[in-house]
Amino acid sequence: MISWNNNALRDVLKEVDYAEEIYKCIQCGMCAGSCPLRHHMDYPPRKIFALLRTGNIDLVLNSKSIFLCTSCYSCIVRCPRGIHVMDIMHGLAHYAIKMGKISRKNTATFGQEFWKQIYKRGRVDEKDLSRRYFFSDGIVQGIKNALSMADMGIIMLLHGRMKLLPEKPIKGIKQLRIMLDKAEQESRR
Amino acid sequence: MEKKMGVYICTGCGIGDAIDIEPIKDLVDEEFNISICKEHPFLCSPEGVELIKQDIDNEGVNTIIICACSPRVNQDVFFFGPDKIVERVNLREHVAWSQEPKDEDTQMLAEDYVRMGCSKAKDMELPEPFKAEQEYSKDILVVGGGLAGMTAALEVAKAGYKAIIVEKEDSLGGFLKKMKKRVAPPYEDLYDTGLEELVKQVNDNPNIKVYTSAVVEKTSGAPGLFSVQIKTNGSVAEEKVGAIIQATGWVPYDPKRLESLGYGKFKDVITNVELEQMASNGGIKRPSDGQSPKNVLFIQCAGQRDSEHLPYCSSVCCLVTLKQAAYIKEQDPEAVCYVLFKDMRTVGQAEEFYKKSQLAGNIFIRGTITQIGEEGGKLFIEAEDEFLGEKIRLEELDLVVLATGMVPSSQPEETPKMKAPEGAEDADEEGMIEVPPDSGFYAKPALNLEYRQGPELPTLRYGFPDSHFICFPYETRRTGIYTAGCIRRPMETARVIDDATGAAMKAIQCVEMTEKGMAVHPRSGDLSYPEVNLQRCTQCKRCTEECPFGAINEDEKANPLFNPTRCRRCGTCMGACPERVISFKNYSVVMIGNMINVINVPEEEEEKPRILVFVCENDAYPAIDMAGIKRYKWSPYVRFIPLRCLGSLNLVWIADALSRGIDGILLLGCRHGDDYQCHFIKGSELATVRLSKISETLERLALESERVRFEEVGISDYWRIPQIIEDFMNTIEEVGPNPYKGF
Amino acid sequence: MKYFLYWGCSLEASGANYLKSLKPVCELLGMEFEEIDDWNCCGASVSYAGARDLSIRVLNARNLALAEMQGGYDIIAPCSSCYIQLIRTNHELREDEKLKEKVNSILREAGLTYNGTVNVRHIVDVLYNDVGIDRIKQKVTRPLSGLKVAGYVGCQSVRPYGEYDSKERPRVQDEILKALGAEPVKFPKKMQCCGSGIFLPEMELCMGLVKDILEDAIAHEAKIVSTVCPMCAMNLELYQGRINQLYNTNIQIPIVYLTQLMAVAFGLDLKEGAFLHMNYIPPEYVIKPILMQGGDSK
Amino acid sequence: MEATNQNILVVGGGMSGVTAALEAAEAGYNVILVEKRPYLGGKVTQFYHYFPKLCPPNCGLEINFKRMKQNPRIRFFTMAEPVKISGKEGDYDVTIKISPRYVTEKCTCCGKCEEVCETEIDNPFDFGLSKIKAIYLPHEFAFPMRYVMDPSIVGTEEAKKCQQACPYGAIDLDMKEQVFDIKAGAIIWAAGWEPYEANKIEYYGFGEYKNLITNVMMERLAAPNGPTDGKILRPSDNKEVKKIAFVQCAGSRDENHLPYCSGVCCLASLKQALYVREKNPESEVTIFYIDIRALDRYEDFFTKVKQDEKINFIRSKIATITEEENTGDLIVEGEDTHKGEQIRMKFDMVVLATGLVPNTINIEAPDVPKDKFGFILRDDVVKGIYGAGCVRRPTDVATSVQDATAAAIKAIQSISRR
């Protein structure tokens, strides 16, 4: 039995970009039908929206579906109501991380590390990114992770597809950070 | 009129290749004494037509028998003025294109068709339009002064005719008076009802007369000649009108029957009608404490789409709920509306309004309610949510609105009863049975027609006096009386306006045609009408009972009283009459009988059976034409006789034909039953009923019942024609030749 | 024909063979490139974990503003992820005046402003519409006759802003392949996502996607897969061994960039022009026999 | 043609146009009707049956044509369309263009020309599902009953051969396009609708898969005068269809295509489901839908169809359709939103329930209010030009006829106001 919680959605509407569009959803199922990882989701996107409307936010934030978006844009392109399904899923994942509800740790970590790279340098250093991603659980696990992927790394290296020199920050990194900080503040308005 | 007949035979389109013309010319002369008989290789060409015109001018020919293509084509080409009789003999589709050329049987077939055509032309008279002695009225009575009624009256008036509105309440407006706003195309917003402006327009229009607090007490007469008694404020006024529009609207479904949804049990469970009234009278408040509601639940299909209540969809309730949710948001932008629905039915451009309502933050839940209750002064419900696939519970509801449906004002609260016919199985202890909806005695009083078949319009299921026809939505079973608006079917206001406008069109068209003595749909323009020889009438009442349009009244001695302006000219009365006293100038029992009589019936030894096929000219006849166009082949032993409607089939023709030695009789008519296709409603059904009584005749003649058969043929069933004929031919072959041959 | 080439972060690393082959090919076709000075990352497809939408728009708006300031040529983004982030931002800033105002107020912190005058193009778009099939054909000296190629499009190069091609049934890449003399095969998974940015963290799930794509290509007789995105290329190529382990399959098909095939067809050196040696699964085994037919195997 | 502004011009000779013309003419007004096709009756001539009665459209058309044949107040032109309208209520000048038919009124429909003609063209009446001779009778019930020559053979030997074969001199190969002006006091625009182009819904692959058809094509498959003589066989191999799916809202209720609901597709699919069940008794039908929109008493029809256990309803907007190459079967995928499960089902044939696009006023003409989708609005401000039928809203036949009847009195008012 799902009980309605009328006010719980307020924060979501503030914290998740495009969240107001969930009201437009007619529950047709096109989003899930078009989603590459639909078979691995606990709730299809449209059901995420239906749950949001009930105000049962925790059910949604604990769902793994919100972390399984490959950003293929199919749902956005096809949604008959023009809902930014993908962006809402992204926004929910962002909000879940913020609320400490991380149902897919790897993806959350990888994404956060990715963003940190940008914030740090303005660009992403793939090598550094994977190192940080592998070692996000500490050194022991990191070595395990890295070893499990070592074959890949070696292949890449051998084929000249790994940049050896570390990426330097862009010249305007300071201003970029100011801008990103400001953007984040603005987002919360 | 002194007839001068001329027969013209076309030899084009393969006719000349299929048959010999000379023997036909001979028989025309010898058997019918028609001296003018000409052939032309291309009769529909200007030269061919000129040939005929010359005979008209020089020889005084006024009755023209065209032996060529189907009468369905070239009507304009072979039209020689309203004072000429034209009879068409179909030698193309029914002979040349469907039979073996130059075959003896084909020749006999063609000759019989020419004989039948000549005989028919001989018996036909030019119809003279009916003109009543009384003066015709072209005014239109509109019963009901709501949106539909006012619109109809205004449209009538704007077209230059006078309209009279009879409204039972003390002011115009109907349900519009209760409404706050209207939802309408282009569905971008809510719109004012426009009531005041509409009422003003009606009141200001010199062509419209309004009776309020008034009811129609009695309507007598017929189109063009109606006399209406209007009871108003204690007095009775009388108006003469030409046609009537019934726009008496709808009533809300009785919410007391919705106790399972909490109505009557919880104060804050109200109907959409009650909410609408609250909204237009100062604001929406919780009945229990007068507070403005914060959380409102709308329950869609409150009774609709439910076999226990209203099995149909009320079509407007989805839109109404969206509208009312907008009222609530307008009153309190923080309020939340929930809509529990089965299917959202915002068709057409109204989908936009649904989207708009979603965007306003209203929450739509697909599902079914399982429980409703009260807790701490607030309502709660439990439901199966089909989107979530789970049970849900909504609490803290201030107001629950039941989106109830529309019931036509014609639907009686309780089904009326009538005396059961003898032997009726479903009769109750008092010998009564329920009146069926398609009876004139079913609907609630509104028109009080002085009609033998009942005071009100027959209805379809659920009491809607709507048309049964898809192509002819204004068709009713009482000529000159049209319905408009929600009495026909539940519809939104925009459609009501369109519908009433269309009804206005039909009404003025009816008065115009009636004045000219013409029939209205479906034999539009027909000038013939039934005439009765009362001296020979036995008062058997069959004609008055069977007329599908209630056109015939009865006097106290049960003599039929014909109302030609109510008549649709189907000839059902003619078919019903055992005394053969009803006839049209150009269509009669004798005329068809004589056509049967001229068919050459060969001796038994010749082994050439003869089958007579009575064909509905509206559907089966075109189907046979199409079969010909497709060059399908069928037996040369059949002879088609088109009838206006199988309802005009008189059993005497069957008896006559059989006693002449004709081996079998086939009837091709429209589908009957629930989805009947007969343009005259009951024609094909009546034909089958009559056929069931033919056994007596057959017994008397000691003939097999297989010799007579009815087949349903739709217009698109042309591909079945050869098979139907072949099957019947096989049956007749099994039964053997008619022993009456040669008598 | 002067453009900004915005190659992004991957094309210097995992997608290096893309950039390396693209440059000589485009040069041969008469295109001139300039780099956007001090460009930053587009945010790709996983930044949402750390940032809101506005931050990502700002990231891209900075690049657009820099390009506008630097001459305003059309920006070519060979990486589909870069492409979609840039074109999306551009699209939204052009459509939504309020957003533009907001973003500009942030850009102003760095003395920048963006007026919406720059166009963002995918390399495929430019090759097809600016260069044109005829010109490409003219440059072909070693037609890839009989080479059955699965032209894999994936997602972000056409969805949802790829107005140069159909969003659901794209054909432009195949047209270019045809111009090279190759035979593009029809395979329904042409548009199925490879897992994109979350491949690494969701490897087990995404390997299934890649397996489906590659099996589909192979079932439709493709001998090689061509891509126009470094992410697609890596996901399709690098994990074939693991997929075979996991699913007990035997998939092995070379994955190349469209530009590599162009380099081959244009007669450039297989190593120094097409950089085929940088691919993990050697495409030479498939390509060389084709070239031998034409009497050329340099 | 008398130049009088007492005429009502009706544009479109489908159900709405024919009705509007008849209603006005029978009330005593002169009507000129122009129809783009070579025959009257419009789209419904191609339909097998109407819902909910499952009766043939020709039945009503026959009555209407009969009314027309004997009514001297109506003049009609086929292969004709307006190209320009100017003026105002009560006084319009309209330029009409008539395309050459190459067959004159002398045609008796004897069929000799067709016998000698060898060239075949895609049969427009069957939406290209069949071929027809390049000189042809559009269909058995065509009114006027007259042949028409496809312009593609004009100027060829083939055309001359046809001409020589005609015993009645009815073929005129020198026929030219005619343009002339008429006057009218009011105009009824009843140009009907076109099916939404299914190939625009790219994720379904219409045009690519043979066994993926549209609902209008389904009407032809079911019609006895259709390409399969009324048998429901699938196009790829003429196999009897046993497992069939209907995909509702194929383009409708979709902001990427037609944001509005097309109003009739649910009912059309319910009807077509019955076609299949009746003609192929072993068949199984699945209807994929979002909401079933069977308004008012049409609910009874829905109830009736639901009773057939072999007709399944699955709530899902189908996301993709792919073809199984060796069999031509189609695989549909989507989410069953009732059960919350991903579905993947195989069918012999799939029908896209495509929507209605209005043939709105698209020529130089005085301004007429329209909504944002191009549907013509009827308000009391702009008078003189009135939309009727599906140019006003996507709707069923009965409502179109009602609406056309209403348009007729509006037009009459425009004339009598003068």
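1. Contacts between chains. In this predicted model, five pairs of chains touch, and the pair formed by chains B and D has the most contacts among them. Chain B and chain C, by contrast, do not touch, and their nearest C-alpha atoms are 19 Å apart.

2. The side of chain D that touches chain B. The contact between these two chains involves 64 residues of chain D and 66 residues of chain B. On the chain D side, at least two residues each are supplied by α1 (15-26), α2 (57-69), α7 (298-306) and α8 (397-416). Helix α8(D) provides the largest share of this side, 13 residues. By class, the residues of chain D that touch chain B comprise 29 nonpolar, 15 polar and 20 charged.

3. The largest nonpolar core. This core has 576 residues, and Ile188(D) and Trp189(D) are those with the most contacts inside it. The element that gives the most to the core is helix α11 of chain B (residues 493-515), with 12 residues. As a general background, nonpolar side chains tend to be buried together in soluble globular proteins.

4. Surroundings of Trp189(D). When residues up to four places away in sequence are not counted, Trp189(D) touches Val11(D), Ile361(D), Ile376(D), Ile385(D), Tyr386(D), Gly387(D), Ala388(D) and Val391(D).

5. Ala190(D) and its loop. Ala190(D) lies in the loop between β11 (186-189) and β12 (193-195) of chain D. Is Ala190(D) buried or exposed? Ala190(D) counts as buried because it has 33 C-beta neighbours inside 10 Å, where 20 or more are required. With neighbours within four places in sequence left aside, the contacts of Ala190(D) include Val10(D), Val11(D), Gly12(D), Gly14(D), Ser16(D), Gly17(D) and Ala20(D). Ala388(D), Gly389(D), Val391(D) and Ala404(D) are also in contact with Ala190(D).

6. An open parallel sheet in chain B. Four strands form an open sheet of chain B in the order β31-β30-β32-β33, with parallel pairing. Why is one side of β31 and of β33 left without a neighbour in the sheet? Strands β31 (638-643) and β33 (708-712) stand at the edges and each has a single partner strand, so one side of each lacks a neighbour. Neighbouring strands of the sheet are turned by 20° against each other on average, direction ignored.

7. The pairing of β30(B) and β31(B). Strand β30 of chain B (residues 611-616) pairs with β31(B) in the parallel sense, over six bridges. Val615(B) stands opposite Pro642(B), which belongs to β31(B). In general, strands of a sheet pair through backbone hydrogen bonds.

8. The two domains of chain C. Chain C is divided into domain 1 (2-123) and domain 2 (141-293), and the C-alpha centres of the two domains lie 25 Å apart. Each domain of chain C brings 26 residues to the contact between them. On the side of domain 1 that touches domain 2, α1 (16-28) and α3 (80-95) of chain C each supply at least two residues. The largest share of that side, nine residues, comes from α1(C). By class, the side of domain 1 of chain C that touches domain 2 has 14 nonpolar, 10 polar and two charged residues.

Methods
Residues numbered from 1 in each chain as written. Chains lettered and ligands numbered in written order. Predicted model: local features only at pLDDT ≥ 70, side-chain atom pairs only at ≥ 80, totals over all residues. Pairing = 2+ DSSP bridges. Axes fitted to C-alpha atoms, helices over the stretch in contact; angles between N-to-C directions. Core = buried A, V, L, I, M, F, W, Y, C linked by C-beta atoms within 7 Å. Buried ≥ 20, exposed ≤ 12 C-beta atoms within 10 Å, placed from the backbone. Contact = placed C-beta atoms within 7 Å. Domains from an automatic or database assignment. Nonpolar A, V, L, I, M, F, W, Y, C, P; charged D, E, K, R; others polar.
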